[in-house]
Amino acid sequence: MRERVPMTDFARQWAEHVAASASPRMTDDQAERDFWHAFMTRKTYAPEPSALQVLERLRPLLRARGVETALEVGPGWGSYTLTLAELCREVACVDLSRDVLDFVLRAGAERGRDNITAFHAKWEAFTPERRYDLVFGYNCFYRQADLADCFWRMDRAADKLCVAGMTTGLAPAWLHELDAAGGRVSWEWKDYIYFVGVLYQMGIDANVMVLPFEKELSYPDADALVRGECARCAPGAVDEETVRAILCRHFTQRPDGSWRANVKYRSGVGTKSPNKFSPSFTSWLLTSHVFKSSEYALPPLQITDNPASIQWFTIP
């Protein structure tokens, strides 16, 4: 008996993309640690405005579900962490990079957030000793070759909610023009549709509520604009005069000499309700965005892995 519609194997395609990446960070744990070590030496705490907006939209849901504790996977530079610490009694972070965890803990301490703790661990090998009301991950999935297993791990660790997000999506118009001009633009392949597809393959029917967002891109001068936007093009594929002409049609020069353009992106939210088979209900935040930007194991938690027991509905 066939219950599900035959469709693209999103889980396999995701895994193939991860495996095909030229970045050693995808598979080399030390390369990933080295990247974050270098990145954090020049990083200051400054949460993305969109992160604050996402959590503001989630605030009523967290309140309604009585979320008091949260586990964040791959906190990065804490765009979500400190706000979660405002909304929750306790926030724990898990990451492969000690530099990431030190940065987040330091940023929290400097702002009076003493309810943040950290696990120095690789998510694929990490099993928490207890469940958290909320399990949250945003932009932390790029190394997760087995996306379904990642989602199951999140679900098993969550007592009430799970939120998963990523950034990428439709390229802005000027990148299409650069590509048409021969630039051979490299655009990020990840998109929230993989989340929807993998969850569907797991037997989970995710509804998506689209949330509109906007961000301003800014470059100090025309040279920086060309360098920044041509980073996606093959080296030498398009002459600089053509590039400048394309970009200047889409970016506006300000009196201070800077060049700016607004870009739009979207977020989608889906939820599943609790039932007698599983004590958790999970909210997956599925986000697309127009630009890129453990040493131990604990006993597994007992929770059903039966995808047929999951019901999904749209947040009103």
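Helix α2 (residues 29–40) and helix α5 (residues 98–110) have axes that come within 8 Å of each other and cross at roughly 35°. This is a predicted model. From α2, the residues in the contact are Arg33, Trp36, His37 and Met40. From α5, they are Asp99, Val100 and Phe103. By class, the contact of α2 with α5 holds four nonpolar residues, one polar residue and two charged ones.

Helix α1 (residues 10–20) and helix α8 (residues 192–201) have axes that come within 8 Å and cross at roughly 135°. Because angles over 145 degrees count as roughly antiparallel and 65 to 115 as roughly perpendicular, α1 is oblique to α8. On the α1 side, the contact uses Phe10, Ala11, Gln13, Trp14 and His17. On the α8 side, Ile193, Tyr194, Phe195, Gly197, Val198 and Gln201 take part. The contact of α1 with α8 counts seven nonpolar and four polar residues, and no charged residues.

The largest nonpolar core has 67 residues. Those with the most contacts inside this core are Leu71, Leu134, Phe136, Phe141, Phe151 and Met154. Helix α6 (residues 147–157) supplies the largest share of the core, seven residues. There is also a second, separate core of 18 residues. Among its members are Trp174, Cys233, Leu247 and Ala261.

Next come the loops. Ser79 sits in the loop between β1 (69–73) and α4 (81–87). Is Ser79 buried or exposed? Its relative accessibility is 7%, and buried means under 20%, so Ser79 counts as buried. One reaches the backbone nitrogen of Glu48 at 3.1 Å. Another is a polar contact with the side chain of Trp77, at 3.1 Å. Setting aside neighbours within four places in sequence, Ser79 is in contact with Ala46, Pro47, Glu48 and Ala51.

The loop between β4 (132–138) and α6 holds Gln144. Gln144 has 6% relative accessibility, so this residue counts as buried. Not counting residues up to four places away in sequence, Gln144 touches Trp14, Val18, Trp123, Glu124 and Cys150. One of these, Trp14, belongs to α1 and also takes part in the contact with α8.

Asn139 lies in the loop between β4 and α6. Its relative accessible area is 33%, so Asn139 is partly exposed. What is its phi? Asn139 has a positive phi of about 60°, although it is not a glycine. Most residues other than glycine have a negative phi. Arg184 also has a positive phi, of about 50°, and is not a glycine. Arg184 is found in the loop between α7 (173–183) and α8. At 58% relative accessibility, Arg184 counts as exposed.

The last stop is helix α10 (residues 240–250), which contains Glu240. Glu240 has 45% relative accessibility and so counts as partly exposed. Which residues does Glu240 touch, not counting those up to four places away in sequence? They are Asp223 and Val226. Glu240 and Asp223 are 17 residues apart along the chain, and their C-alpha atoms are separated by 9.8 Å.

Terms used:
Residues are numbered from 1 along each chain as its sequence is written. This is a predicted model: local features need pLDDT of at least 70, side-chain atom pairs count only at pLDDT 80 or more; totals for chains, interfaces and linings use all residues. Side-chain values use heavy atoms; hydrogens and water are left out. Helices (H or I, at least four residues) and strands (E, at least two) are DSSP runs, numbered from the N terminus. Buried means under 20% relative accessible area, exposed over 50%, partly exposed in between (1.4 Å probe, protein chains only). A polar contact is a pair of N or O atoms within 3.5 Å; within protein, one must be able to donate a hydrogen and the other to accept it, and residues adjacent in sequence count only if both atoms are side-chain atoms. Contact means heavy atoms within 4.5 Å. A nonpolar core is a set of buried Ala, Val, Leu, Ile, Met, Phe, Trp, Tyr and Cys residues joined through side-chain atoms within 4.5 Å. Axes are lines fitted to C-alpha atoms, for helices over the stretch in contact, and angles run from 0 to 180 degrees between N-to-C directions. Ala, Val, Leu, Ile, Met, Phe, Trp, Tyr, Cys and Pro count as nonpolar, Asp, Glu, Lys and Arg as charged, and the others, Gly among them, as polar. Angles under 35 degrees count as roughly parallel, over 145 as roughly antiparallel, 65 to 115 as roughly perpendicular and the rest as oblique.
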